[in-house]
Amino acid sequence: MMKIKPVVDGIYLLPLKNVNAYLLEMEQGLVLIDTGLPGSEHEIITAIESLGHKRETLKSILLTHCHTDHAGSAAALKRMLPHVKIYANAMDADIIENGLQMRPMTSAPGLLNKLLFRLFGKGTPVEPVQIDVRLADGEHPDFSNDLMAVHLPGHCLGQLGFLHSGHGGIMFVADVATNMTGLGFSMGYEDIEVGKQSIRQLGQYDFGIACFGHGRPIMREASRRFQHMLR
């Protein structure tokens, strides 16, 4: 059974096989950041209900990018909960809506990344689902000014992070980097140099906590960690 992990009050990490999703309790209802691989929808619903919520309380899904391990269960959740609005960046929306193959990536530096990339880096198209709202850099989703989209390309052209203004700042960094055996590169990037620019960009924001698609959250002085990552 999946063990839900509280990050801070009202924000939970959902470990879905080899990727993390996040559940946020907000005034307008529950917000889900990413949906895991295909077949994760029942785990997500179980997590929602285990927190004492009805499944219908889920109102919004924020997709960080089009890769299968992050958007793979979006269509299934939309079938179960047709009222849910799905948000993504316009640069990835067509891939998600049409079930297209993800853009090609190359492995990041390091032997471990090369091995992981051989195992997991190819990816398969997600099941098509309509994107209700296209978010651009600096925009807030229509339900809350407490969240802001941050465009963080490199790993994926349309990748978005989300900055939460509460708790001293929480940045959901998607796959800009990982924190599995320490802060480091994701296993693959469409453009590693653009990815490095996004890492530097994260260091320009002020947030205490960083939440990753892969790995444990950093709970203190997280933006400073990104400032020093490439030095």
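Predicted model: local features only at pLDDT ≥ 70, side-chain atom pairs only at ≥ 80, totals over all residues.

Author: We will go through the sheet, the cores, the salt bridges and the cysteines.

Reader: In what order do the strands of the open sheet lie?

Author: First, the terms. Helices (H or I, at least four residues) and strands (E, at least two) are DSSP runs, numbered from the N terminus. Two strands pair if DSSP finds at least two bridges between them. Here seven strands form an open sheet, in the order S1-S2-S3-S4-S5-S6-S8. The pairing is mixed. Strand S1 (5-8) and S8 are the edge strands, and each pairs on one side only. Neighbouring strands are turned by 25° against each other on average, direction ignored. For angles, axes are lines fitted to C-alpha atoms, for helices over the stretch in contact, and the values run from 0 to 180 degrees between N-to-C directions.

Reader: How many bridges join S3 to S4?

Author: Five, and these two strands run antiparallel. Leucine 23 has leucine 32 in S4 as its bridge partner. Helices join the picture too. H1 packs on the sheet and touches S2, S3, S4 and S5. Its direction makes about 150° with that of S2. H4 also packs on the sheet, touching S6 and S8. The direction of H4 makes about 125° with that of S6.

Reader: Which residues have the most contacts inside the largest nonpolar core?

Author: Start with the idea. Buried means under 20% relative accessible area, exposed over 50%, partly exposed in between (1.4 Å probe, protein chains only). A nonpolar core is a set of buried Ala, Val, Leu, Ile, Met, Phe, Trp, Tyr and Cys residues joined through side-chain atoms within 4.5 Å. The largest one here has 33 residues. Those with the most contacts inside it are Leu14, Leu23, Leu32, Leu58, Ile61, Leu63 and Ile96. Several elements each supply at least two residues, including S2, S3, strand S4 (29-33) and strand S5 (58-62). H1 gives the most, with four residues.

Reader: What does leucine 58 touch?

Author: Contact means heavy atoms within 4.5 Å. Not counting residues up to four places away in sequence, leucine 58 touches Leu23, Leu30, Val31, Leu32, Ile48, Leu81, His83 and Val84.

Reader: Now the charged residues. How many salt bridges are there?

Author: Side chains of opposite charge can pair when their charged atoms come close. A salt bridge is a side-chain nitrogen of Lys or Arg within 4 Å of a carboxyl oxygen of Asp or Glu. A search of the whole structure finds eleven. In one of them, glutamate 43 pairs with lysine 17, the closest N and O atoms being 3.5 Å apart. This pair links distant parts of the chain: glutamate 43 is in helix H1 (residues 41-50), and lysine 17 is in the loop between strand S2 (11-16) and strand S3 (19-26), 26 residues apart.

Reader: Are glutamate 43 and lysine 17 exposed or partly exposed?

Author: Glutamate 43 counts as partly exposed because its relative accessibility is 26%. Lysine 17 counts as exposed, at 58%.

Reader: Which other residues form salt bridges?

Author: Arginine 55 bridges to glutamate 49, with the closest N and O atoms 3.2 Å apart. Arginine 134 and aspartate 94 meet at 3.9 Å, N to O. They too link distant parts of the chain: arginine 134 is in strand S8 (residues 133-135) and aspartate 94 in helix H4 (residues 90-98), 40 residues apart. Asp92, Arg103 and Glu190 are linked in a network of salt bridges.

Reader: Last, how many disulfides does the structure hold?

Author: A disulfide is a pair of cysteine sulfur atoms within 2.5 Å. The structure holds zero.

Conventions: Residues numbered from 1 in each chain as written. Heavy atoms only, no water.
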